[in-house]
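Hello,

Here is the structure I promised to hand over. My notes follow below it.

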Amino acid sequence: MLKNLPFEWLVGLRYTRAGKRSGRNSFISFISLISTAGIALGVAALIIVLSVMNGFQKDVTGRMLSVLAHVEVFDARAGMPDWQEQAKVALRHPEVRGAAPFSETQAGLMHGGEALRPAIVRGVLPEQESQVSDVAGHVKAGSFAALQPGEFNIVLGVDLARALGASVGEKVTMVLPQGTVTPAGLVPRMRSFTVVGIFSAQHQEFDAGMAFVHLQEAQRMLRMQAPSGLRLRLADMHRAPQVAEELKKLMPAHVTVRDWSKLNANWFAAVQTEKRMMFIILTLIVAVAAFNLVSTLVMTVTDKQADIAILRTLGASPRSIMQIFVIQGALVGLLGTVLGVSGGVLVALNIDVIVPFIEQLFGVQFLSKDIYYINTVPSDMRWPDVTTIGTVSVLLAFAATLYPSWWAARVKPAEALRYE
């Protein structure tokens with residue numbers, strides 16, 4: 001089969017194997033091996049890092065949206081008294097799967113002698129909240145359904161409950177920043193609530209700073225006659241920006257519609273910027289490894305000048321000589337890319353096993369829940385990323401072969417053979 005290949009391929013393949021195992025050829029073979037390993041490591045590192053960052057974004061987004069809605073519709077004037085009608089309008093959209101009313105405010109919570117803890121308190125209807133969030137399924141103690149009107153019950157995030165020292169059945173005091181004017185001055189609104197549930201969304205921001213009460217209690221504390229607005233769940237959360245724009249055309253002009261990406265715009269912008277910068281930095285590592293091929297090919301051209309001269313005297317054109325060394329460098333780059341892609345994909349697909357093994361082996365924890373949103377290393381390998389990385393690596397390796405190959409094509413047979 002190899003005999004049917006053009007002679008440029010045959011010679012290029014032979015030079016890739018470095019021919020005879022003389023000291024000089026062995027050294028060139030070693031340098032070629034190092035170049036291959038460098039490309040493979042760079043490509044594998046890029047695939048693994050981007051997979052981890054994609055996994056981090058996907059995991060955190062999923063945990064956020066287990067509490068947040070995909071789209072929020074609210075009226076900043078005086079609430080939304082006709083929320084049932086607006087919910088029917090929203091549900092007419094083919095991608096809206098659920099709608100539920102809400103009211104939300106910032107408040108302080110305290111229990112016993114503990115200090116006041118800030119929290120976002122959201123008023124919901126328990127029977128409808130399951131249509132737009134998964135918070136009821138995250139309750140670890142008590143029951144989300146125990147939020148009944150007129151009973152002033154509350155469900156706390158697990159870290160918030162721990163900070164307050166409160167457990168199910170105990171009382172906490174809610175303090176609202178909106179005060180009540182009395183003859184003695186402005187007095188904060190305060191109300192005692194009974195803890196009936198503790199949830200864990202496995203997201204530090206929500207576990208440490210969110211609480212749920214019944215919608216009627218929230219409206220009473222805020223002195224509102226209607227909910228603040230609606231929370232919607234979509235069939236595809238990634239289409240939330242487009243669906244939000246379409247819903248704006250269906251809703252009254254005074255109604256504000258915003259999707260989940262707007263609610264956390266700074267976080268998602270930071271993640272996207274970090275992904276782009278990591279791609280650039282790690283691509284430079286691949287580029288450095290690829291351009292090691294320059295030195296490898298320059299050494300090969302210097303060592304093979306007599307061979308080049310003989311090929312030229314036998315009728316080989318400068319174009320054929322250039323092709324020989326392009327083939328040699330491209331094969332090294334392709335081999336490094338294949339090895340890197342294989343290793344990177346293998347690690348990315350098994351990182352949930354590899355990382356715990358390393359943590360247990362060395363007694364370390366890479367992600368602490370007290371600092372990061374999550375405490376495990378996730379991975380979401382995406383084939384378009386792998387394809388892009390592999391293509392960039394091969395192109396860089398090919399670019400690195402151009403100058404040495406051009407230099408080889410310019411070797412003059414008479415001068416090369418003068419001292420042979």
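The chain has 15 helices and 10 strands. Both are DSSP runs, numbered from the N terminus: helices are H or I with at least four residues, strands are E with at least two. This is a predicted model, in which local features need pLDDT of at least 70, side-chain atom pairs count only at pLDDT 80 or more, and totals for chains, interfaces and linings use all residues. Residues are numbered from 1 along each chain as its sequence is written, and side-chain values use heavy atoms, with hydrogens and water left out.

Overall picture. Of the 420 residues in the chain, 47% are buried. Buried means under 20% relative accessible area, exposed over 50%, and partly exposed in between (1.4 Å probe, protein chains only). Take the contacts between residues at least 6 apart in sequence: 80% of them join residues at least 24 apart. A contact is heavy atoms within 4.5 Å.

Helix α14. This helix covers residues 383-409, 27 residues in total. From first C-alpha to last it reaches 39 Å, close to the 39 Å expected at 1.5 Å a residue. The expected span is 1.5 Å times one less than the number of residues. α14 still bends by about 30° at L402. That bend is the angle between axes fitted to the seven residues ending there and the seven starting there.

Helix pair α10 and α12. The axes of α10 (residues 265-303) and α12 (residues 318-349) come within 11 Å and cross at roughly 145°. Axes are lines fitted to C-alpha atoms, for helices over the stretch in contact, and angles run from 0 to 180 degrees between N-to-C directions. On the α10 side, L293, L297, T300 and V301 make the contact; on the α12 side, F325, Q328, G329, V332 and G333 do. By class that gives five nonpolar, four polar and no charged residues. Nonpolar here is Ala, Val, Leu, Ile, Met, Phe, Trp, Tyr, Cys and Pro; charged is Asp, Glu, Lys and Arg; the others, Gly among them, are polar.

Backbone points. Most residues other than glycine have a negative phi. F152 has a positive phi of about 50°. It sits in the loop between β4 (139-142) and β5 (153-157). F152 is buried, at 7% relative accessible area. R223 also has a positive phi, near 55°. Its loop runs between α7 (215-222) and β9 (229-234). R223 counts as exposed, at 54% relative accessibility.

Best wishes
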